[in-house]
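Here is a friendly briefing on one protein model, with the cut-offs spelled out as they come up.

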Amino acid sequence: MRSASELVEHDPFLDEELADDDAPWFDEEDEDFDDGVVDELDVAPAVKVEDLWVRYRTTIEHGGSTLSSRILNGKRTRGTRQIEALRGVSFEVPFGSVYGVIGHNGAGKSTLFRTIAGILAPSQGRVTVGGRVTPLLSLGVGFNQDLTGRENILLGGLATGLHPEEIMEHYADVVRFAELGDALDYPMKTYSSGMYARLGFAVASHLDPDILLIDEALSAGDARFKKRCMDKLVDLCGHDCTVMIISHGLELITMLAERCAWLEQGQVVQEGPAEDVVDAYLDSDDLRGDEPEVLEDF
């Protein structure tokens, strides 16, 4: 049997050739490392959409729906039609990033967000989310118009799964950001679209969202409100919140989003860096020579 001194002498971890203090602990030729820092980590994305299909049936009427058409054409007949709102959509959204979704009306953008939020069930495929999803899908959704703004702050927080104590921790911040003054004590059915947008964004962005979905909710606000929203979105991303935005305001997408998906007829036409996708979208409609306003309103 070897003595302890012999074991130490031949211990490979203490061998002078292997125990060089300057030698790296990884293979310098390993492409996964660069100067001791891991370039790519196997981290699950915040949102992963895999071969997503959403189909539904709708009723259609033959013979017209107006009184004159009914008189001229006689009895109407009804039928059903299957709509494929999303067809094989796939993409990933990294944690802590801003991701844009663009496309013409009817492209399937809102259906996509409603599916990610869990409002609609996929007909085929899978949606995986890494955290609590807070949707700001359209003006008024999630609010009770007969309740006051203050009451709807509590309602909105409860709808996202927060406890009343958690909501009250952020209550003052929501009120301060909304800047609605005495209008917070009025029923929301008296609110303008801009006031809806203010309160909706204030509630969604201040109640610790993990994944925030915004569907054209900023379009009703004025320039100052939009600027404050953009600043808040940047702040959220700095705290590991993931933001997904649907907007016809292409300038907003290029300013905020790192990556973007362009949808048409329920399919992904292009996915990649936001500026590249927006450029391709503009070129497809020959809008390159139009007025600058097209970036904001198209």
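The protein chain has 10 helices and 11 strands, where helices (H or I, at least four residues) and strands (E, at least two) are DSSP runs numbered from the N terminus. This is a predicted model, in which local features need pLDDT of at least 70 and side-chain atom pairs count only at pLDDT 80 or more, while totals for chains, interfaces and linings use all residues. Residues are numbered from 1 along each chain as its sequence is written, and side-chain values use heavy atoms, with hydrogens and water left out.

**Chain totals**

- Of the 298 residues in the protein chain, 38% count as buried; buried means under 20% relative accessible area, exposed over 50%, and partly exposed in between, with a 1.4 Å probe and protein chains only.
- Among contacts with a separation of 6 or more, 68% come from residues 24 or more positions apart, a contact being heavy atoms within 4.5 Å.

**The sheet**

- Six strands form an open sheet with mixed pairing, in the order S7-S8-S9-S5-S10-S11; two strands pair if DSSP finds at least two bridges between them.
- Strands S7 and S11 (267-273) are at the edges with a single partner strand each, so one side of each has no neighbour in the sheet.
- On average, neighbouring strands of this sheet are turned by 15° against each other, direction ignored. Axes here are lines fitted to C-alpha atoms, for helices over the stretch in contact, and angles run from 0 to 180 degrees between N-to-C directions.

- Strand S8 (residues 211-215) is mostly covered, with 5 of its 5 residues buried.
- Ile 211, Leu 213 and Asp 215 point one way from S8, Leu 212 and Ile 214 point the other way, and all are buried.
- S8 pairs with strand S7 (residues 133-136) in the parallel sense over 4 bridges. In this pairing Pro 135 stands opposite Leu 213, and Leu 136 stands opposite Ile 214.
- S8 also runs parallel to strand S9 (residues 242-246), joined to it by 5 bridges. Ile 214 has Ile 245 as its bridge partner in S9.

**Helices on the sheet**

- Helix H6 packs on the sheet and touches S7 and S8, its direction making about 170° with that of S7.
- Helix H9 (residues 274-284) packs on the sheet too, touching strand S5 (98-102), strand S10 (259-264) and S11; the direction of H9 makes about 135° with that of S11.

**Helix H5 and its two partners**

- Two packed helices are described by the angle between their axes and the distance between the axes.
- The axes of helix H5 (residues 164-178) and helix H6 (residues 193-206) come within 9 Å and cross at roughly 145°. The residues in contact include Val 174 and Phe 177 of H5 and Leu 199 and Phe 201 of H6. Those of the whole contact divide into 7 nonpolar, 2 polar and 2 charged; Ala, Val, Leu, Ile, Met, Phe, Trp, Tyr, Cys and Pro count as nonpolar, Asp, Glu, Lys and Arg as charged, and the others, Gly among them, as polar.
- Helix H4 (residues 149-159) packs against H5 at an angle of about 130°, with the axes 10 Å apart.
- Val 174 of H5 is also in the contact with H4, whose residues there include Ile 153 and Leu 154. The H4 and H5 contact divides into 9 nonpolar, 1 polar and 1 charged.
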